[in-house]
Amino acid sequence: MIKNALSTSWFLANRQLRRTSKWSHVLIISVMMLTFLNLVFVSGVLVGLIEGATKLVREYYSGDVLVKNLVTEEYILDSDQLQQSALSIPGVEALTSRYIGDGIIQAGYRDRTNPYEPIDSTGMRFAGIDPEIEDEVMDISRFMMEGEYLEDGDDRFVLMGSNLIRENLSIPEAERYTVSGVGVGDKIRILVGDVSREYTVKGIIGGKIEALSLKVFMTKDEAEDILNRRQKEVNEIAINIDYSKTTPDEVVATLSSMGFDEKAQILDWEDSLGTFFEDITSTFSLLGNMIGSIALIVAAITTFIVIFINAITRRRYIGIMKGIGINKLTIEMAYVWQSMIYAVIGSSIGVAITFGFLKPYFDRNPIDFPFSDGILAVSVEGTVVRLLLLFITTIIAGYVPARMITKENTLNAILGR
């Protein structure tokens with residue numbers, strides 16, 4: 001019986017679709033397509049904004065695995081041995097290590113006319129790097145805004161993070177954590193504990209990565225000296241891997257099994273970001289879903305109206321079908337088939353546009369947000385879920401009006417009463 005109902009309803013649906021105006025088809029299919037794109041695109045752009053930011057951090061600062069010193073320690077214990085062990089793990093391609101310290105940066109002190117005038121200063125974090133290795137592994141020289149990148153032996157030169165310079169920021173609060181008037185060739189003074197040293201700004205490094213734009217970079221030798229560290233007592237080790245051979249989780253697990261988890265924090269790139277990016281991603285995803293749900297409701301209402309008007313104009317036809325013995329379920333299923341056909345065609349066009357044009361386009365041309373190169377973050381799993389939501393909503397929107405009409409008295413429907 002069910003098989004006969006399905007085949008008969010499919011036949012009726014095809015007949016009705018052929019008799020429906022082509023402009024009605026275009027309208028409903030367009031609504032379905034735009035609804036699907038709204039469901040995918042808005043959420044994808046919002047989440048992609050954060051994914052773009054995290055991608056930049058992973059590729060140009062943290063690497064795939066980031067090792068940091070324990071909170072209770074000044075540096076990574078046995079960091080030299082840890083680096084050698086990491087490089088011996090299959091799939092680990094390269095790594096770079098850094099000294100990290102906190103201090104105070106002073107600027108404009110040479111130009112003061114009043115010795116009692118406060119010196120322009122702010123707290124900052126600095127990183128001691130091997131310029132050649134850091135650039136080879138992380139390619140940070142691409143973020144040079146002015147001047148030149150560091151070279152080995154540039155012990156009295158530094159790279160200044162762009163967001164430490166007041167003129168590069170337009171927010172009022174910037175005065176509290178920036179200094180003014182610093183450019184390439186200017187002198188700055190860095191205070192770390194009792195140590196005070198003067199450096200020449202060789203370049204300004206910027207970009208949309210706070211880990212770069214809010215730091216001062218110097219050579220490893222200089223950082224060792226100013227921090228009074230022995231060689232290899234580093235604070236960070238960024239590790240890049242070949243994903244065809246291993247994963248961040250596997251590298252973390254291997255290093256932990258060697259006992260290094262007792263000497264350092266060993267984090268995959270996602271954990272190294274903390275919960276901030278994860279919370280923002282969840283919030284934006286929720287916001288995108290809320291906006292998309294409005295489009296889903298609009299699509300449901302549009303489908304309901306079209307099917308309802310279609311059924312109303314065919315009341316007598318429906319009454320005759322009931323009179324000759326076609327049961328209500330078959331008639332209702334005919335309208336459900338119509339709704340599903342519209343949903344399939346509209347969403348198929350939407351999927352083709354999303355994966356065939358929009359995603360590749362935004363991958364090649366990221367959206368230029370102030371703190372991120374935004375991409376379109378869409379996944380196959382997320383797309384399937386949205387397709388199911390659209391199908392379910394459309395089926396309900398097609399069934400309800402058909403059910404309302406078929407419930408009418410058969411004789412009244414035939415007579416148009």
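Predicted model: local features only at pLDDT ≥ 70, side-chain atom pairs only at ≥ 80, totals over all residues.
Colleague: Which residues of H7 are buried?
Modeller: In H7, spanning residues 248-257, they are Pro-248, Val-251, Val-252 and Leu-255.

Colleague: What makes those buried residues line one face of the helix?
Modeller: Looking down the axis of H7, the buried residues fall within an arc of 100°, so they share one face. An α-helix has 3.6 residues a turn, so residues three or four places apart point the same way. The face turned away from the buried side carries exposed Asp-249 and Ser-257.

Colleague: And what do the buried residues of H7 pack against?
Modeller: Quite a list, including strand E1 (65-68), helix H3 (79-87), strand E9 (236-241) and helix H8 (269-272).

Colleague: Why is Ser-347 called buried?
Modeller: Buried means under 20% relative accessible area. Ser-347 has 2%, so it counts as buried. This serine lies in helix H11 (residues 328-364), and its side chain reaches the backbone oxygen of Ala-343 at 2.5 Å. Leaving out residues up to four places away in sequence, Ser-347 touches Phe-36, Leu-387, Leu-390 and Phe-391.

Colleague: Why does Val-380 count as exposed?
Modeller: The cut-off for exposed is over 50%. Val-380 comes out at 56% relative accessibility, so it counts as exposed. Val-380 is in helix H12 (residues 380-406).

Colleague: Which residues make the nonpolar surface patch of about 710 Å²?
Modeller: Val-380, Val-384, Leu-388, Ile-392, Ile-396, Tyr-399, Val-400 and Met-404.

Conventions. Residues numbered from 1 in each chain as written. Heavy atoms only, no water. Buried < 20%, exposed > 50% of the residue type's maximum accessible area, 1.4 Å probe, protein only. Helix = DSSP H or I, 4+ residues; strand = E, 2+ residues; numbered from the N terminus. Arc of directions from axis to C-beta. Contact = heavy atoms within 4.5 Å. Patch = residues over 30% accessible without salt bridge, like charges linked within 9 Å, V, L, I, M, F, W, Y side chains within 5 Å. Areas by Shrake-Rupley, 256 points an atom, 1.4 Å probe, with all protein chains shown as cover. Salt bridge = Lys/Arg side-chain N within 4 Å of Asp/Glu carboxyl O. Polar contact = N/O pair within 3.5 Å; in protein donor to acceptor, adjacent residues only side chain to side chain.
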